[in-house]
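Hello! Here are some notes to read alongside the model on your screen. Take them one at a time, and look for each residue as you go.

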Amino acid sequence: MYTYNLTQWLAFFIIYCFIGWCWESSYVSIKKRKWVNRGFMHGPMLPIYGSGAVLILFVSLPFKAHPVAVYFAGMIAATILEYVTGVLMEALFKVRYWDYSNQKFNIQGHICLSSSLAWGFFSIAMVYWVHKPFEKIVLSIPEAVLSPIVHVIMMVAAADFALSFKTAIELRDVLVKVEAAKKELKILQKRLEVVEAVIADEAQQRIEQAQQQKEEIKARIADETQMKREQALMQREEIRERIEEIMQKGKDRSYLTKDKLQLLRRNPGATSGKYKLAFAEFRNETWPEFKEKIKEKLQEREEK
């Protein structure tokens, strides 16, 4: 079993948060060929690694004499933690900060078989090799020295987490608004197509009716046709103005403040299933193309 007190558990949490940040930042930076400060927080801590390491130790150390039990206990506990954390973060922030959708045998993209198996091997490494030197260091520090150090670091980390949490919530709110604007643009585009079709069909029908009736009726039908055409043209113009207004608002990127952009840069693999279009705009992928397509269609209809 284990004989750690709360302060020592917190010390292990801090250590593995930092190690996780070093690993993730180095790995992503090498892939991107530029420095990436990885993670949800600003500082050098990744809470998911610290939580995972502490949880693995907590459930695995009682089975230290049985490596197979250590493997499965750590694998199951870490997989559950990863799944629950992923689901809660996506529900709260509307963004996935990791995604296994492209991996085989995944569940909703939050966990996958290869990741779970890796957690099992990580549990073996933690219990029998990795944790021993850190355990020796932490247990060698007197409580009177360790406690204030741990509490100061935890207070700084809590402040960092609160700030990052606030930024993520603000990013979520912007994401929802941008997605709503994009959906409205699509609806307006469809309405514009219907209105233009009505203009063309109505004019053709009235002309055919007028040809079959007397001259005085023709004049009345022509007046009605003109009135309806003018109404449809006005409606078309209103829709075009609304589309232009939304497109102009899309050019304003002031909502993407420095802290939100930093949060996105720290998580280059983040995705959003429900708000895919809006999130893509944050990555500068679809919004310009989307606006250009609308402009081209409007120009084509104007020429016709």
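The numbered points below go from the whole chain to single residues.

1. **Before you start.** This is a predicted model, in which local features need pLDDT of at least 70 and side-chain atom pairs count only at pLDDT 80 or more, while totals for chains, interfaces and linings use all residues. Residues are numbered from 1 along each chain as its sequence is written, and side-chain values use heavy atoms, with hydrogens and water left out.

2. **The overall plan.** The protein has nine helices and two strands. Here helices (H or I, at least four residues) and strands (E, at least two) are DSSP runs, numbered from the N terminus. Reading from the N terminus, the order is α-α-α-β-β-α-α-α-α-α-α. Of the 304 residues, 39% are buried; buried means under 20% relative accessible area, exposed over 50%, and partly exposed in between (1.4 Å probe, protein chains only). If you take the contacts between residues at least 6 apart in sequence, 75% of them join residues at least 24 apart, where contact means heavy atoms within 4.5 Å.

3. **Helix H2.** Which residues of H2 are buried? They are Gly 50, Gly 52, Ala 53, Val 54, Ile 56, Leu 57 and Ser 60. The buried residues of H2 pack against H1 (6-32), H3 and H4. The length of H2 also checks out: its 14 residues should span 20 Å at 1.5 Å a residue, and its end C-alpha atoms are 19 Å apart, which agrees. The expected span is 1.5 Å times one less than the number of residues. Phe 58, also in H2, is partly exposed at 44% relative accessible area. Its C-alpha atom is 9.6 Å from that of Ala 77, 19 residues apart along the chain.

4. **Where H2 meets H4.** The axes of H2 (residues 47-60) and H4 (residues 113-140) come within 10 Å and cross at roughly 80°. Axes are lines fitted to C-alpha atoms, for helices over the stretch in contact, and angles run from 0 to 180 degrees between N-to-C directions. H2 and H4 are therefore roughly perpendicular; angles of 65 to 115 degrees get that name, under 35 is roughly parallel, over 145 roughly antiparallel, and the rest oblique. On the H2 side, Ala 53, Ile 56, Leu 57 and Ser 60 take part, meeting Trp 119, Phe 122, Ser 123, Met 126, Val 127 and His 131 of H4. The residues of this contact divide into seven nonpolar, three polar and no charged.

5. **Two residues to look at.** Most residues other than glycine have a negative phi. Phe 105, not a glycine, has a positive phi of about 55°. Phe 105 sits in the loop between H3 (67-93) and E1 (106-107) and counts as exposed, at 65% relative accessibility. Gln 108 also has a positive phi of about 55° without being a glycine. Gln 108 lies in the loop between E1 and E2 (111-112) and is partly exposed, at 48%.

6. Leaving aside neighbours within four places in sequence, Glu 24 is in contact with Arg 38, Leu 46 and Tyr 49.

How values were computed: Nonpolar A, V, L, I, M, F, W, Y, C, P; charged D, E, K, R; others polar.
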